[in-house]
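Please view the sequence and structure first.

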Amino acid sequence: MAETFTPLASSADVVKALGRDLTSSEQMKVSAALAKASELFRNEARRTFTPGRKTTRLKVNRGEVHLPESPVVTVHSVTDDHGHRFRFTHFGVMLTISACAAPFVRVDYEFGDDKVPELVVTTVAEMVAATFGLDKRARAGMTQFQDTTGPFSDGGTFAAWAVGGKIAMSPADVTTAQSFRPVKLGGTVTQGG
């Protein structure tokens, strides 16, 4: 079952980033574009940013486990692969597990905040706005152009991420998303599960 999360920005945020109202064509595309841009940002940031619940298999390091999502709201259970429960204490994103000999545990927990950080909202809205504001030639797949009329010439090259007009992350968007990644401590290993 795939997890679904709310978009990290709204169509009003895209309007603000564009500096104009959406066209009727853009209004039909904005919801899907925001969903895709949000998932691309989440994947690069390795965080969700909105409230959710998940069960994750994590490596125990000297009796401690570092949870990848923050803020942690509630930890429901900590079990080994066979379903045996462990007692734990929870402080922030760290769990201290009592009497645990298992190398991995499954942690069922709730996380997230109702307010998405403003930099995340702005970046996701700008990703969508950039796609809507692309030059028609880049949207059509052109990588560069050259026009010459008499002694005048005009030319240019389109960024690789912009060609084709699909929602994509620019290098600056990738850097922004990576700045939100959880801090990795020595020996912290996460496995899907």
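The model is predicted: local features need pLDDT of at least 70 and side-chain atom pairs pLDDT 80 or more, while totals for chains, interfaces and linings use all residues. Residues are numbered from 1 along each chain as its sequence is written, and side-chain values use heavy atoms, without hydrogens and water.

**Aromatic pairs**
- The structure contains 4 aromatic pairs (rings of Phe, Tyr and Trp, the last by its six-membered ring, with centres within 6.5 Å; planes under 30 degrees apart are stacked, over 60 edge-to-face, the rest tilted).
- Phe41 and Phe49 have ring centres 5.9 Å apart and planes at 50°, so this pair is tilted.
- Tyr109 and Phe111 also form a tilted pair, with 5.6 Å between centres and 55° between planes.
- Ring pairs join Phe41, Phe49 and Phe180 into a cluster.

**Charges over a ring**
- The charged end of Arg57 sits over the ring of Phe104, 4.3 Å from its centre (CZ of Arg or NZ of Lys within 6 Å of the ring centre and within 35 degrees of the ring normal).
- Lys59 lies over the face of Phe104 at 5.8 Å from the ring centre.

**Helix crossing**
- The axes (lines fitted to C-alpha atoms over the stretch in contact, with angles from 0 to 180 degrees between N-to-C directions) of helix 2 (residues 24-45) and helix 5 (residues 171-178) come within 7 Å and cross at roughly 55°; helices are DSSP runs (H or I) of at least four residues, numbered from the N terminus.
- Contact (heavy atoms within 4.5 Å) involves residues including Phe41 of helix 2 and Val174 of helix 5.

How values were computed. Helices (H or I, at least four residues) and strands (E, at least two) are DSSP runs, numbered from the N terminus.
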